[in-house]
Amino acid sequence: SSTPSVRVDVTVPADAAARTYTMTVTATSGGLSDRLDLSIRVNPQAAGSVSLESDFPTLQGPASGTFTFSVRLRNDTPEDLTFALGAEGPPGWTVTARPVGQSQAASATVTAGSSTTLSVQADPPANVEAGTYQIQVTATAGSRTAQTQLTVEITGSYQMTITTPDGRLNASGTAGSVITRQLVIQNTGTAPLKGVTLSATPPSGWTVDFDPKTVDVAPGGQAQVTARITPTSDALAGDYIVTFRASTQQANASQDIRVTIETSLTWALVGIALIVATLAGLGWVFS
């Protein structure tokens, strides 16, 4: 004769307390019967766990940046799970959590004992101040929830403009002379600008020098720079455009200034003298 095997499947309620439970299995055949007492110890850790973790949970950058985290979602349970994904940042932030390679998916299926990678993207508002901000990421499958906290360190926004002390974007002088123009570098961002370098694109043959050549500008502050523009000695009278640029690793600004080349007094006197001489000559001829 053979001895049959019987498998007993027990479903433990999700809200079962962590303790030992006793149950009885009974077998009957006609007038015969037997029973077997079984003990089941409920341990929440025995069913496995789910988790979210990132190798780089803190990112740093300017307010104009987009911050992308790579987060692993692990399923260390004996069953396949489908997780609903959620991500929340400070007010005004746009935060999303998606499986890598999926731009629209709001859920992720993870097989038992494996993991998948999520891409968490955080976009701060344009006017966010420098500081530390927290991002909360959640993955939920039934009664199981995994959470992790990510951190964004905003160093500030980098913005600047170029103008002049009086707001007028023009200058004038004569060919070959040095034309001096004051420029103002304004820091309109929330982070300090270090080592702002000045440069210019003048007409061919012209030169432009700056004093000082580099400046530092605090948030909301400004720095004044003297630009010395030297046209060629044979520059014709008229209007010319000189483009000025201010640059750092984080920000750039540019401004066009119209430079008017005027006829010099010497050449004006020479012209008048020639006209007078011509008229005198004509008067002598007619006389």
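Reader: Before we start, what does buried mean here?
Author: Buried means under 20% relative accessible area. Over 50% is exposed, and in between is partly exposed. One caution: this is a predicted model.

Reader: OK. Is Phe 210 buried or exposed?
Author: Phe 210 is buried, because its relative accessibility is 10%.

Reader: Which ring does Phe 210 pair with?
Author: Let me take the aromatic pairs in order. The count comes to three. One of them joins Trp 93 and Tyr 133. That pair is tilted, with 40° between the planes and 5.2 Å centre to centre.

Reader: Where do Trp 93 and Tyr 133 sit in the chain?
Author: Trp 93 is in the loop between strand 6 (81-88) and strand 7 (94-99). Tyr 133 is in strand 10 (residues 131-141). They are 40 residues apart, so the pair links distant parts of the chain. Trp 93 counts as buried at 10% relative accessibility. Tyr 133 is buried too, at 18%.

Reader: And the Phe 210 pair?
Author: Phe 210 pairs with Phe 244. This one is edge-to-face: the planes are 80° apart and the centres 6.0 Å apart. Phe 210 belongs to strand 16 (residues 207-211), and Phe 244 to strand 19 (residues 238-247). The two are 34 residues apart, and their pair also links distant parts of the chain.

Reader: Is Phe 244 buried or exposed?
Author: Buried. Phe 244 has 1% relative accessibility.

Reader: How many bridges join strand 19 to strand 20?
Author: Ten, and the two strands run antiparallel. Strand 20 covers residues 252-262.

Reader: Last topic, the surface. Which residues make the nonpolar patch?
Author: Val 6, Val 8, Val 10 and Val 12 make a nonpolar surface patch of about 340 Å².

Reader: Where is Val 12?
Author: Val 12 is in the segment before strand 1 (20-29).

Reader: Why does Val 12 count as partly exposed?
Author: Because its relative accessibility is 43%.

Note on methods
Residues numbered from 1 in each chain as written. Predicted model: local features only at pLDDT ≥ 70, side-chain atom pairs only at ≥ 80, totals over all residues. Heavy atoms only, no water. Patch = residues over 30% accessible without salt bridge, like charges linked within 9 Å, V, L, I, M, F, W, Y side chains within 5 Å. Areas by Shrake-Rupley, 256 points an atom, 1.4 Å probe, with all protein chains shown as cover. Salt bridge = Lys/Arg side-chain N within 4 Å of Asp/Glu carboxyl O. Helix = DSSP H or I, 4+ residues; strand = E, 2+ residues; numbered from the N terminus. Buried < 20%, exposed > 50% of the residue type's maximum accessible area, 1.4 Å probe, protein only. Phe/Tyr/Trp six-rings, centres within 6.5 Å; stacked < 30°, edge-to-face > 60°. Pairing = 2+ DSSP bridges.
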